[in-house]
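Q: I have a structure open on my screen and I'd like to learn how to read it. Can you take me through it one feature at a time?

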Amino acid sequence: MEKSIKKYFPVFLLPALAAFVIVFLIPFLLGIFLSFTEFTTVDNAVFIGIKNYITAFTRDKNFLNALWFTTKFTFVSVITINVISFALALLLTRGIKGTKIFRTVFFMPNLIGGIVLGYIWNLLINAVLGVFGLDITYDASYGFWGLVFLMNWQLIGYMMVIYIAGIQNVPSELIEAAQIDGASKRSVLKNVIIPMVMPSVTICLFLTITNSFKLFDQNLALTGGAPAKQTAMLALDIYNTFYGRIGYQGVGQAKAVVFFIIVAVIAFIQLKITGQKEEEA
Amino acid sequence: MNSRKRLNHGISFVFLLFLSVVFLFPIYLVVLNSFKSKFNIVGSPFKFPNEDTFVGFENYINGIRMSDLIPSFLRTLIITVGSVLAIVIFTSMAAWFIVRVKSKFTKVVYYLFLFSMIVPFQMIMFSMVSVCSKLGLNSVLGIIPVYLGFGSGMSVFLFTGFIRGLPHEIEEAAMIDGCGPLRTFFTVVFPMLKPTSITVAILNAMWIWNDFLLPYLLLGTQNKTLSVAIQIATQGAYGSIDWGGFMAMLVLAIIPIVIFYLFCQKYIIKGVIDGAVKG
């Protein structure tokens, strides 16, 4: 059977593979090469070694600022989103009236696109700050907290749904057995439920970290990096370097490679942790 | 249920109700302002429209006109439906080939697909636009193979995971009966993949419908999609942005998503959970 399928390579594998090679693999390799060159289009690249990387980390202050801003943002968002969504998941697995409707409402923002989300929150935050005669571009901390609120609004429902699935997978006999043995509610949560939903915790941590770290659309629509690029996250800073400054394409590409490496390291750590957890289980 | 538990449930219910209001408030605010005259939005965004500020559907008419919203909507629909169909069909075929043909080559291809899932878009953005433009993929239909290429990583991953768990006796029986691989795949295998196909379709549809940067870079502002139309609507000459029309645009962009969500909620939530657990 394998042989007769193999002959059908051009029909089965080639369409997806060809598209993948053209839009991903070639541009990826080209991207690594271009990060070591100076260019304005792909055709006029001149090799300059690691100069772009040096520029990205030294002369270009925006990059390190964006890296720090992104890290801070990711840290705060990941904690708030996971704590709130886990608490909501616990509440929504207790058979409270209207559970289904609440779940529907909390999850909905997740489906709205980043650009639209950004402008919805731009309106809301400027409306609130407007009372004091300010707006979101007045201070970088407004943009920071605006992004945190937006990200919470968008991802809480998503993570909540994953936590609910995890909690529902905990065998009810296990909880009942613990209760019969006289375990308090808190101890059931700490010693039974939380260890059993650890796989969901890992997934949600990973999803919130990568989503926060790679954020672009929401950042562009909410603040656009204002004031003075102080609220530009990594993805937006790379975009600005590519398309906003003539002759800086190489630096943009070098930043993109660094960005890729950071994301890859996070993903690798995640894989290691999940692998270990599965071995233990 | 004892009275203490009932009280706890009551408090939780009130709290959840309050939180729902908080969650819906941003959308309520946009809808509210979409019915106010554009001069009354910036100054007093929280005020309910009154006789002086209420403008009916005027903003909606302006919003649709100023942004070519209807052509943008249709373009987004064509791109999303076309790309999702291409992704479901071609990545399920690719996944079946990868699982059933065991060789070094298919293994390498599989890991390349996996690898692409962790690469951020900015890494390949510039070179991808230049390669795709040279190949003429910078058009409404041309972007479909581009989405196939980007969507293939996660989709191949989800399909291979599912296909590995399928028994191959049924396929073998079909092929012994004289079915070729193509007929075997489409009459026997593909119907069995339905749950994963729905998950793959929903995850990709959500991404492509809302995607901004890829269509912005590849199609520009000529062939704008919905997200692009909204983004560039705010970049009118300084101070001349019609905020009323803009609010209406936001509402019009949200409505189809909410309708889709309310009808397919079960599948969307299942798809998101499956995608997350395996991804």
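A: Happy to. Let's start with burial: of the 281 residues of chain A, 44% count as buried. Keep in mind that this is a predicted model.

Q: What is chain A built from, and what does its C-alpha trace span along its principal axes?

A: Count the elements, then look at the dimensions. Chain A has 14 helices and two strands, and its C-alpha trace spans about 75 × 75 × 30 Å along the principal axes.

Q: Which domains does the assignment give for chain A?

A: Domain 1 covers 2-34 and domain 2 covers 51-280. Their C-alpha centres lie 32 Å apart.

Q: For contacts in chain A between residues at least 6 apart in sequence, what share joins residues at least 24 apart?

A: That share is 72%. Take Trp145(A) and Arg245(A): they sit 100 residues apart in sequence and 28 Å apart in space, C-alpha to C-alpha.

Q: How do I read a pair of packed helices?

A: Look at the distance between axes, the angle, the handedness and then the residues. In chain A, helix 5 (residues 61-91) and helix 11 (residues 198-213) have axes 9 Å apart and pack at an angle of about 145°. The crossing is right-handed. Helix 5 of chain A brings residues including Phe73(A), Ser77(A) and Ile81(A), and helix 11 of chain A brings residues including Cys204(A), Leu205(A) and Phe213(A). By class, the contact has seven nonpolar, six polar and no charged residues.

Q: Now the two chains. How many residues of chain A are in contact with chain B?

A: For an interface, count both sides: 75 residues of chain A are in contact with 69 of chain B. On the chain A side, helix 3 (residues 14-34) supplies the largest share, 15 residues. That side of chain A divides into 60 nonpolar, ten polar and five charged residues.

Q: How many residues of that chain B helix are buried?

A: Seven of the eight residues of helix 11 of chain B are buried, leaving the helix mostly covered. Among them are Leu226(B), Val228(B) and Ala233(B).

Q: Which residues have the most contacts inside the largest nonpolar core?

A: Val116(A), Ala94(B), Ile230(B) and Leu250(B) do, in a core of 153 residues. Helix 8 (residues 140-168) of chain A gives the most to this core, with 15 residues. Both domain 1 and domain 2 of chain A give residues to the core, so it lies between them.

Q: What does Val116(A) touch, leaving out residues up to four places away in sequence?

A: Val116(A) touches Ile230(B), Leu250(B), Ala253(B) and Ile254(B).

Methods. Residues numbered from 1 in each chain as written. Chains lettered and ligands numbered in written order. Predicted model: local features only at pLDDT ≥ 70, side-chain atom pairs only at ≥ 80, totals over all residues. Buried ≥ 20, exposed ≤ 12 C-beta atoms within 10 Å, placed from the backbone. Helix = DSSP H or I, 4+ residues; strand = E, 2+ residues; numbered from the N terminus. Domains from an automatic or database assignment. Core = buried A, V, L, I, M, F, W, Y, C linked by C-beta atoms within 7 Å. Contact = placed C-beta atoms within 7 Å. Axes fitted to C-alpha atoms, helices over the stretch in contact; angles between N-to-C directions. Left-handed = near helix turned anticlockwise from the far one by under 90°. Nonpolar A, V, L, I, M, F, W, Y, C, P; charged D, E, K, R; others polar.
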